[in-house]
Amino acid sequence: MSVIKVENRERLRIITIDNVKKRNALNREGYLALTKALRDADEDESVSVVALTGAGNFYSSGNDIISAMSSTDPPEYVMSVLRDLIRAFYRCRKILVAVVNGPSIGIAATTAILCDVIYAEKDAYFYTPFTALGLCCEGCSSLTFPQIMGKTKASEMLLLNHKMTAEEALRFNVVSEVYTRDEAQTKIWPRIEAFAKLPHKSLIITKGLIQKFDIDALEAANNAEVEALRERTSSEDCIQAAMEFAQRKLKKSSL
């Protein structure tokens with residue numbers, strides 16, 4: 001059963017990552033389903049706004065590392081799946097709104113930042129522990145993070161595994177607004193539904209004119225990061241870090 005759920009509210013399409021038992025982690029099937037959901041929304045002329053969120057109290061814990069460790073997929077295929085997902089975000093013509101309803105980790109954080117507007121629940125955070133896992137930045141974060149939040153804060157997140165709270169994200173222009181859990185249904189979702197009622201062509205044309213990041217620069221960053229990740233995932237320190245992560249997860253689940 002797919003972990004990606006799609007709902008239509010007139011011209012608003014809501015894409016929900018629904019894998020609550022694993023804190024909305026994404027395995028290969030999840031990557032493919034999310035890519036397809038984004039592409040379908042982009043091609044559907046009845047859709048003006050696409051909102052992404054997570055089920056329960058997590059936005060997404062990112063890559064399902066346990067599943068990835070047991071995968072027999074060739075590395076080239078795994079990297080192409082990752083590249084295509086990231087590309088689906090920055091090539092989407094429709095308005096992308098991330099409703100970050102809880103922790104956003106790894107690929108979930110980097111792709112959320114590719115969205116046009118981000119709303120974050122007050123207890124949410126953004127966490128990119130790439131170096132702790134022997135990996136490197138992805139999701140075009142080598143480009144987007146420094147441009148949005150400045151080099152020092154971006155380096156703290158991408159190099160030193162800093163966990164950015166929702167309030168800090170607001171201060172560093174990562175999110176547009178911080179909301180309480182009670183405000184989700186009374187304030188945030190009605191606002192997004194109203195966005196979807198704005199003139200369709202006007203939204204698309206204006207987004208194209210004010211494109212936050214240059215598409216060619218995003219493409220170059222995506223390709224460079226994926227190539228670096230391909231090398232990292234086969235390295236001894238990355239494999240060791242992944243094994244230690246898996247052991248910690250197993251230990252917690254047995255308690």
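Trainee: Which residues line the largest cavity?

Mentor: This is a predicted model, in which local features need pLDDT of at least 70 and side-chain atom pairs count only at pLDDT 80 or more, while totals for chains, interfaces and linings use all residues. Residues are numbered from 1 along each chain as its sequence is written, and side-chain values use heavy atoms, with hydrogens and water left out. The largest cavity is lined by Phe89, Tyr90, Leu114, Cys115, Asp116, Lys207, Gln211, Lys212, Phe213 and Leu218.

Trainee: What makes this space a cavity, and the other kind a pocket?

Mentor: On a 1 Å grid over the protein atoms alone, a cavity is a set of points where a 1.4 Å probe fits but cannot get out, whereas a pocket is an open set with protein on both sides within 12 Å along at least five of seven lines; a lining residue has an atom within 4 Å of a point. The search of the whole structure finds two cavities of 30 Å³ or more, and the largest has a volume of about 70 Å³.

Trainee: What is the volume of the second largest cavity, and how do its lining residues divide by class?

Mentor: The second largest cavity holds about 50 Å³ of space, and its lining has nine nonpolar, two polar and no charged residues. Ala, Val, Leu, Ile, Met, Phe, Trp, Tyr, Cys and Pro count as nonpolar, Asp, Glu, Lys and Arg as charged, and the others, Gly among them, as polar. Helix 4 (107-112) gives the largest share of that lining, three residues; helices here are DSSP runs of H or I with at least four residues, numbered from the N terminus.

Trainee: How do you know that the buried residues of helix 10 line one face?

Mentor: Buried means under 20% relative accessible area with a 1.4 Å probe, counting protein chains only, and in helix 10 the buried residues are Leu218, Glu219, Ala221, Asn222, Glu225, Val226, Leu229 and Arg232. Seen down the axis of helix 10, they fall within an arc of 165°, so they line one face of the helix; the arc is that of the directions from the helix axis to the C-beta atoms. Leu218 also belongs to the lining of the largest cavity.

Trainee: What is the span of helix 10 set against?

Mentor: The expected span is 1.5 Å times one less than the number of residues. Helix 10 (residues 215-233) has 19 residues and reaches 26 Å from its first C-alpha to its last, which is close to the expected 27 Å.

Definitions and conventions
Helix = DSSP H or I, 4+ residues; strand = E, 2+ residues; numbered from the N terminus. Buried < 20%, exposed > 50% of the residue type's maximum accessible area, 1.4 Å probe, protein only. Points joined across faces, edges and corners; volume = space filled by probe spheres on them.
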